[in-house]
Amino acid sequence: MKRLLFAFSVAAVLWSAACSGNGTVNPPPPVGKYSVASLNGQYAFATNGESFSGGVNATPLARVGSFTADGTGKILTGVEDVNAAGTTSLALPITGGSYTVNADGRGTLTLQLAQTSIDFGITLTSTNDGLMIDETSNANQSSTGSGNFTKQNAGSFQVSGISGPYVFDFPGLDGDQTFPCPCPESFVGRFDASNGTISSGFFDDNDNANFSSGPFTGTIAQDPLQVATLTSFGRGIALIAGQDYVFYIVDATRVRFISTNGGMLSGDAVAQNNTVPTNVSSINSSFVFIVAGSSGSGGITRIGRFTANGATVTNVLEDTNDNGKFIKTDTTTAASLSLDAANPGRGTFTFTDPNFPNAPSTFVFYLNSSTQGIIQEQTANNNGAVDVADGTLAAQTGGPFASSNITGTYAINWSGLSLQNGGGFSVQDEEDLVGQVTVSSLNLTGAADIFQFQSGVPVFDLVTSGSISIAGDGTSSTGSSSRNTMTVKLVKSNTTTVNFVVYFVNPQLAFFMNNQDPNRTVAGILQTQQ
Amino acid sequence: MISTKVIRSGIMALGIVLSVSSLAQSQQTSQPDVQQLRSYSMSREVFLLGTVVKFDSASVTLPMGAHVVLQTASGQVDVHLGNAKVLQAAHFTLNPGDSVRIAGEPLALGDSTYFAARIVQKGTQAVAVRNTKGFLTTPASLMTREQKEALRGVR
């Protein structure tokens, strides 16, 4: 009884707090287990988005770096490398800063640079990692982008700390600086590293619809201009297939890269373990996949699932948002999967949508384990790639999915394009959201920040609610064409409702993309907080 | 402001592969095979010549982005111009009554098609809104060397 009264009293407080009376609605005070002490140590971060610094228009922007949080709300030190559409600013010292972490894991992060600062909205997924969006909006620049941060292990901060086989996915822009490029590029592959030497590398590249693949070599080294950054921040330089990069070691299993000589490629290399199947007959899993990139229409996202029993692929389901055009693929023919015996973990899967018989959907993948990998779309039509897109492949486990296991607190992030109105001139521009929701009985409640870049300023603390609808057992593995869906309602001074199709990887992770509203092309993840 | 010389010469290099009237007719009476239009091909590129009926930087017509409705000799054609910020960055405006020439081609969007512009030209000013592979250009494509160098100030 006492507990019930307490619950009622809390609810009453939340209600009054949620109604500020000035036309805007604020979320209730956050509840949860996190605090500033939850962010403590050295973290490698990466975001991908765009910036506006006056004088020129918004520019694609990628940043990778390292910051050290002291567990009390202060940033002690750090460094970052920035690539703006091929123009780099390297080894920028982070001289300080501050951060907050609310009980629900949401918070803010400000990194102080020499003459300015950059701001992020964050949501912890654990004390070791979290999701983030760039929320910088000051006199010097506005920048946005989605990304994440993950705790570093200083014990790996040496050239030999990058050792063994890795798979990588570096999307971005190519190095062609002549108009009308830079153009979209997806560069994926695998390599073996040992004491600063990269050997046995193999890549698949889609550079502005031009496919290429082949072996490569490279090097890993200290940055001769910033030698101390290796031992201090895990930062160094690499040469991969002739392209220069800066890297940040997270630990022996993950390294973050950003290109530094023309072009703007960035992403993670993840250690490949010995569970990677060597024979296609040993693959007996369902997989969820998601890719994002550019098509001739604009932004494109695809999300789907399939079941692989050896080379036989069944129950393929895919959803596409081609810059506002929604396409459902419910039935397929000629679906199959194969492995490349010469390159461990590399393979392809393909299927044909009867509606597009002349362009079989084709993907190359690199598994870093038996359950995870990266993929690059290689669908072509009339000898031309239909898009430049890549993403993630993950085994679907833990089903069936229902309200009993899709429950608890989740970090949420999405990124993409939406039509926005800034200065009276409506255009499509980047949209990034990060937040936290509690899922109970498949209903969502929480809060989020959103940065619709055309507006120039992020909007903080939107009241976030919604619901998830699960079709059947939630795996879509039974040949059913029905989908899991999610509705997210965002309320501040006005209300926005976004509808998504959702594919559960497991009860702790889901991929989603919007499946209604042609004015938006976004995709994102729901990830359990631990 | 980018030089339009390269773009103009690019347009000229295309040659007049189809007359405006035959193109407009193909738009209306003979829909191309959607199956063959999932990737951009310079070999299919044609010209549209017409008068602007309506320009919308954020049209409700798919795909998302800027669209212009042209009155051609054979009727009205809706043309996708991609990212309106590219036009804005090039100080390129379209108003009703403007005479424009557009190089582009039909592209598939699911089970339907739309006309995808690669180059839009008004008078002596031309802007490439797609590259030769059909992908949308971004404002970053329009930056001068000096503007790119200034990006070193981005943090």
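**Cavities**

I took a cavity as a set of points, on a 1 Å grid over the protein atoms alone, where a 1.4 Å probe fits but cannot get out. Grid points are joined across faces, edges and corners, and the volume is the space filled by probe spheres set on the points. By this rule I found five cavities of 30 Å³ or more.

Next I asked which residues lie closest to the centre of the largest cavity. Of the 17 residues in its lining, they are A:Ser295, A:Asp322, A:Val386, B:Arg38 and B:Ala108. A lining residue has an atom within 4 Å of a point. β19 (298-309) and β20 of chain A, with β4 (99-109) of chain B, are the elements that give two or more residues to this lining. The largest share, three residues, is from β4(B). My strands are DSSP runs of E, at least two residues long, numbered from the N terminus.

**Ground rules**

I am working on a predicted model, where local features need pLDDT of at least 70 and side-chain atom pairs count only at pLDDT 80 or more, while totals for chains, interfaces and linings use all residues. Residues are numbered from 1 along each chain as its sequence is written, chains are lettered from A and ligands numbered from 1 in the order in which they are written, and side-chain values use heavy atoms, with hydrogens and water left out.

**A:Thr320**

I found A:Thr320 in strand β20 (residues 312-322) of chain A. Is A:Thr320 buried or exposed? A:Thr320 counts as buried because its relative accessibility is 3%, the cut-off being under 20% relative accessible area (1.4 Å probe, protein chains only). Its side chain makes a polar contact (N or O atoms within 3.5 Å, one able to donate a hydrogen and the other to accept it) with the side chain of A:Arg302, at 3.0 Å. Beyond four places in sequence, its contacts (heavy atoms within 4.5 Å) include A:Ile300, A:Phe326 and A:Met513.

**A:Phe512**

I placed A:Phe512 in strand β35 (residues 509-514) of chain A. A:Phe512 is buried, as its relative accessible area is 0%.

**The barrel**

I traced a closed barrel of eight strands in chain A, β10-β11-β12-β13-β14-β15-β16-β17, with antiparallel pairing. Two strands pair if DSSP finds at least two bridges between them. Strands β11 (residues 184-194) and β12 (residues 197-207) of chain A run antiparallel and are joined by nine bridges. I noted that A:Ala193 has A:Ile198 in β12(A) as its bridge partner.

Technical notes: Helix = DSSP H or I, 4+ residues; strand = E, 2+ residues; numbered from the N terminus. Buried < 20%, exposed > 50% of the residue type's maximum accessible area, 1.4 Å probe, protein only. 1 Å grid on protein atoms, 1.4 Å probe; cavity = no way out; pocket = protein on both sides within 12 Å on 5 of 7 lines; lining within 4 Å.
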